[in-house]
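Here are a few exercises to work through with the structure open. Try each one before reading its solution.

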Amino acid sequence: MPSLFRTFTLLSLLMILAMTSLVFALAMGSVNINLTELWTVLSVDELTSNQSLQHQIIMNLRLPRAINAFWVGGLLALAGVLMQILLKNPLAEPYILGISGGASVAALSIILFGFASSLIPIAAFLGAIISTLLVFLLSGGIHQRSSEFLLLTGIVIAAGWGAIINLLLSFSQQQELHSMLFWLLGDLSAHPMNHWMLSSLPLLFIISLAMSRQLNALMYGEYSASSLGVNVPRVRILLYILSAACTAIAVSTAGSIGFIGLIVPHLMRMIIGTDHRLLIPASTLFGGTLLCFADTLARSLFSPQIIPVGVVTAMIGVPLFLLLLQQNRRLH
Amino acid sequence: MLVFRINIYSTVLLLFVLIFLPSISHSTPEHAIKRIITLSPHATELVFSAGAGHLLVGRDKNSNYPAEVIQLPSVGDAYLTDLEAIVQLQPDLIVLWQSGSHRSLEQQLKQLGLRIFISEPHNVQMIAEEVRQIGKMAGTTSIANKAADDFIWGMNQLKQQYAHRRKLSVFYQVWHQPLITLNKQHFVSQILHICGATNVFSDLPNLAPKVSLEAVIQANPDIIISPDNHRSHWLPWHQINAVKAQQFIQINPDWMQRPSFRLLKAAKQICQQIDPFRH
C-alpha cells in the first residue's frame, strides 16, 4: 500500500514531465519559435490574433499533433496495463489480439482502392471493432474461456490479418505503398482527434481506475480473486472491452505505433510497483509523455526530414527499460 | 615423307581448329538482339525510342506506353517477377531497372543464362546514352542515335531559352501523405534547373526524402509542382509564396518521373508554365 506522500510525489513528477513534453512539442520544429513567441501565441486571444505564421504553425500543426501523440500514447499504455492483467502474460500488448490487424486491413484497403483519406480513421475503427468481436465470439463470447484460450485465438486472428496485410501490400503500386507503409509504422500528423475521441481517454481511464481494486485482486489469480468477492468473468469481459476500445481509438487515429503499450506498463511497474490505483494513472501519463517526446524528436531530429515515431520510442524506451531492469535485478 | 609431313601439318591444323574454333565463334560479333523483355515502364519506353519496339516480347505489368505494349504478355513487376514466364518467352535481352527491383532478381536472371542490360539513368545525358546503347544491341543504331540527338537538342533549346531567367524556387511534391520530395540527384531537379528554377530540398541526403509540412512552410517555395491536384491541402498556408500567388503546376507523373524521352514533354510544360510566374 503506497503512502499518500509517495503517491502524490510520483504523480506530480509525472505531471511535470507530461507538461514539459507538451511545451517541448510546441516549441520544437523546422520553423524556429522561441519560448517568448510561444507564450505570446498561447496567451493571445484567438479572435484578436492576426493569424501570424507562428500562431498558425503552433495552433494548426504542432498542437493537434502533440495532443494526438499524448492521447494515443496514454491510450496505448492504458490498454497495455489492462491486456497484461487480462491475459496474465507479461508479453501482452495492445496489438496482440489482432485489433490493430483488423484496423490495418481496413485502412490499407481504403488507401489501396483510392477512397478519400478522411475515411481512413472510420474504416480503421470499424476494422478494429470487427476484429474485437470476432476474437470475443471465438473465445467463448459471454462465457469466456481461459486467458490462454483468448490469447491463442487472438494471436491466430492477428496472424491471419498479417497475411492479408502482406497481400494488400503486394498488390499496391509504388505510390500507394508510401502511404500504406507510413500508416503501418504510425502517423500522428494525418488525422487530428475529434471531441468524441478526445473525451474517450478520460472516460476509459476513470472506468479502469474504478476497477483497480478488482484488478489488484485478479493479479493473485482468478481463484483468489473470486474468493475475495470479485466477479471474475464479468471483470474479464469488462477488461476486454476497455482495452479493445483504447486500442481501437489509438489505432484509428495514428496507425499501429509499437512499443508504448508493451514497455510503459512494465517500466512503471518497476518504478512504482503493482498497485493498479497508482499504476493506471502513472502508465497513462507516462505513455502520453513518452510518445509526445518521441514524436517531437521524430519530426525535429533530422529536420526537415522526418523519421517514423516508432523508431524514436524504441530509441528512448529500450535503454531506459534495460537500465531499470538491471537495477531491479541488483535489488532482488 | 611429304605425305607424313602433310599429315603432321593437317593434324596440327585440325588440333588448332578444334581448340580455337569454339573461342573464335565466341568472339565473333554478337548477333543482333531479337527478343527483348523490359522490367520497368521507363525501360519499355527507352526500347521503343531506340527503334527496337518491334523486338519486345514481354513487359512488366506497369508498362503502359506506347499503347501497343499493353497487348504484350506481362511477366509481373520487378518485385514479383514470374521467372517461368520470362524463360518461356525466350528473350535474348532483359532490360532491368536495378534500384527499382528486388535485390536478388539480377542474380536469378543471370543464373538462368539470360543477358541483362541494366538501365539506371540519373540524368538527361544518361537517358540519351542508354537509348544509343540499346539501339546498338538491337541493330537499330541510326534510329536510336537520331532519337537521342533530338532529345538532347530539345533539352538544350529549353536550357538556352529558360535556364538564365530569374530563378524561382520549387517544391516538387511526389506524394501528399507523407509529403515526399526529390533531392538534386534526381533528374527532376535537372529539369527544374533547365527551366530556370531551383529545388528547395535539393541538398537533402536521400533521393526521395519525406519532409514535414513545417519544413515546406520554412522553405517558402515560389511554386508547388505535383503530379496530383492537392491545391486544397495547401490553401490554409497562405504564408507560402506559392499559395499566396496561387502558383501551382500539375504535371503528368509518367512524363516527369520516368527517365525516358517523354521527359522532354514534361520539361516543355514546366518551362512554359513557370515563365509567366516571373511576371
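**Exercise 1.** What volume does the second largest cavity have? Then work out what lines it.

*Solution.* Keep in mind that this is a predicted model. Start with the size: the second largest cavity comes to about 30 Å³. Next, collect its lining, which is made up of A:Ala25, A:Arg62, A:Arg65, A:Ala66, A:Ala69, A:Cys292, A:Asp295, A:Thr296 and A:Arg299. Now sort those by class, and you get 4 nonpolar, 1 polar and 4 charged residues. Finally, look at where they sit: helix 3 (53-86) and helix 13 (276-300) of chain A each bring at least two of the lining residues.

**Exercise 2.** Describe the largest cavity in terms of volume and lining.

*Solution.* The volume is about 70 Å³.

**Exercise 3.** Work out how helix 1 and helix 12 of chain A are set against each other.

*Solution.* First get the geometry: the axes of helix 1 (residues 4-27) and helix 12 (residues 260-272) of chain A come within 12 Å and cross at roughly 140 degrees. Angles over 145 would count as roughly antiparallel, so helix 1 and helix 12 of chain A are oblique to each other. Their crossing is right-handed. Then check the contacts: A:Arg6, A:Leu10 and A:Leu14 of helix 1 meet A:Met268, A:Ile271 and A:Ile272 of helix 12 in chain A. That contact has 5 nonpolar, no polar and 1 charged residues.

Note on methods:
Residues numbered from 1 in each chain as written. Chains lettered and ligands numbered in written order. Predicted model: local features only at pLDDT ≥ 70, side-chain atom pairs only at ≥ 80, totals over all residues. Heavy atoms only, no water. Axes fitted to C-alpha atoms, helices over the stretch in contact; angles between N-to-C directions. Helix = DSSP H or I, 4+ residues; strand = E, 2+ residues; numbered from the N terminus. Parallel < 35°, antiparallel > 145°, perpendicular 65-115°, else oblique. Left-handed = near helix turned anticlockwise from the far one by under 90°. Contact = heavy atoms within 4.5 Å. Nonpolar A, V, L, I, M, F, W, Y, C, P; charged D, E, K, R; others polar. 1 Å grid on protein atoms, 1.4 Å probe; cavity = no way out; pocket = protein on both sides within 12 Å on 5 of 7 lines; lining within 4 Å. Points joined across faces, edges and corners; volume = space filled by probe spheres on them.
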